[in-house]
Amino acid sequence: MPVEITWWGHATCTVEDSGTRVLTDPLFARRLAHLRRRRGAPPPAEAAVADVALVSHLHADHLHVPSLARLAPGTRLVVPEGASRQVPGLRRLAHLQVSEVAAGDELRVGDLVVRAVPARHDGRRLPVGPHRSPALGFVIEGDARTYFAGDTGLFESMAKEVGPVDVALLPVGGWGPYLGEGHLDAGRAAEALALLAPRSAVPVHYGTYWPIGMDAVRPHEFHAPGEEFVRLAAACAPEVAVHRLGHGESVRPGVAR
């Protein structure tokens, strides 16, 4: 059965491959601190059904303890090394099987192999966090090789660190009017696509959350990144099929090897 990707919004995706459901950076909230969900209904209950959930880093819009609490008992939860020390709420999730990983670590889930890869991003639990945990991406290998970048900037060794992939889930924006260091915008994501050279790509991490009261501040940064990525990817990596999904939509990209 081919790999199927469902985008629930922000960095939350379900990757179904080889009979195994992988959930990335689960975030199901209508509101998170100063952010509110502006587009797409919160994911349905079925979105929380997974064999394994992968958390790329400790920022609250990626490691959201109330969302993780919705996962079924026995779900495997993979977090960056040191996460349990920095996020005490993780210790209350006794119904989950928590594993901490660093870049280069591999684990098997069903018929899949999940490999943690480096990301260039501040991995601390903000606004405080004296100890750092690494920000990570993940390569999910089964019938296809799917790269979930998490949150990352562009870096020279990205293609070498990630390795060959069939599908790339790339962040192309954020949740506010400005992106700081360690992020991909649509242009840098298109450059990353050219480096990685997958068969297919899905833009994520845009067009979902926005700061309360800032609807009129640079609104194009909320609406435009997905379409801009499609346009720029066609120029930078024309051989890659880009699938821009709506919230809750799925695609089965062609990844025959």
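The legends below describe close-up views of a predicted model.

**View 1. A salt bridge between Glu 4 and Arg 252.** The side chains of Glu 4 and Arg 252 meet in a salt bridge, with an N to O distance of 2.9 Å. This pair links distant parts of the chain, since Glu 4 belongs to strand β1 (residues 4-9) and Arg 252 to the segment after β17 (250-251), 248 residues apart. Glu 4 is buried, at a relative accessible area of 17%, whereas Arg 252 is partly exposed at 46%.

View 2. Because Glu 228 and Arg 231 are three residues apart in helix α6 (residues 225-236), about one helical turn separates them. Glu 228 is partly exposed, with a relative accessible area of 31%, while Arg 231, at 51%, counts as exposed.

**View 3. The salt bridge of Arg 188 with Asp 185.** The closest N and O atoms of Arg 188 and Asp 185 lie 3.4 Å apart. Arg 188 is partly exposed, with 29% relative accessible area, and Asp 185 is likewise partly exposed, at 27%. The count for the structure comes to nine salt bridges.

**View 4. A negative surface patch that includes Glu 100.** Glu 81, Glu 100, Asp 105 and Glu 106 form this patch. Glu 100 is found in strand β8 (residues 97-101) and is partly exposed, at 35% relative accessibility.

**View 5. Two cysteines, Cys 13 and Cys 236.** Cys 13 is buried, with a relative accessible area of 0%, whereas Cys 236 is partly exposed at 38%. A search of the whole structure finds zero disulfides.

Technical notes: Residues are numbered from 1 along each chain as its sequence is written. This is a predicted model: local features need pLDDT of at least 70, side-chain atom pairs count only at pLDDT 80 or more; totals for chains, interfaces and linings use all residues. Side-chain values use heavy atoms; hydrogens and water are left out. Patches are made of residues with over 30% relative accessible area and no salt bridge: like charges are joined within 9 Å, nonpolar side chains (Val, Leu, Ile, Met, Phe, Trp, Tyr) within 5 Å. Accessible areas come from the Shrake-Rupley method with a 1.4 Å probe; for residues, only the protein chains shown count as cover. A salt bridge is a side-chain nitrogen of Lys or Arg within 4 Å of a carboxyl oxygen of Asp or Glu. Lys and Arg count as positive and Asp and Glu as negative; His and the chain ends are not counted. The place of a charge is taken as NZ of Lys, CZ of Arg, CG of Asp or CD of Glu. Helices (H or I, at least four residues) and strands (E, at least two) are DSSP runs, numbered from the N terminus. Buried means under 20% relative accessible area, exposed over 50%, partly exposed in between (1.4 Å probe, protein chains only). A disulfide is a pair of cysteine sulfur atoms within 2.5 Å.
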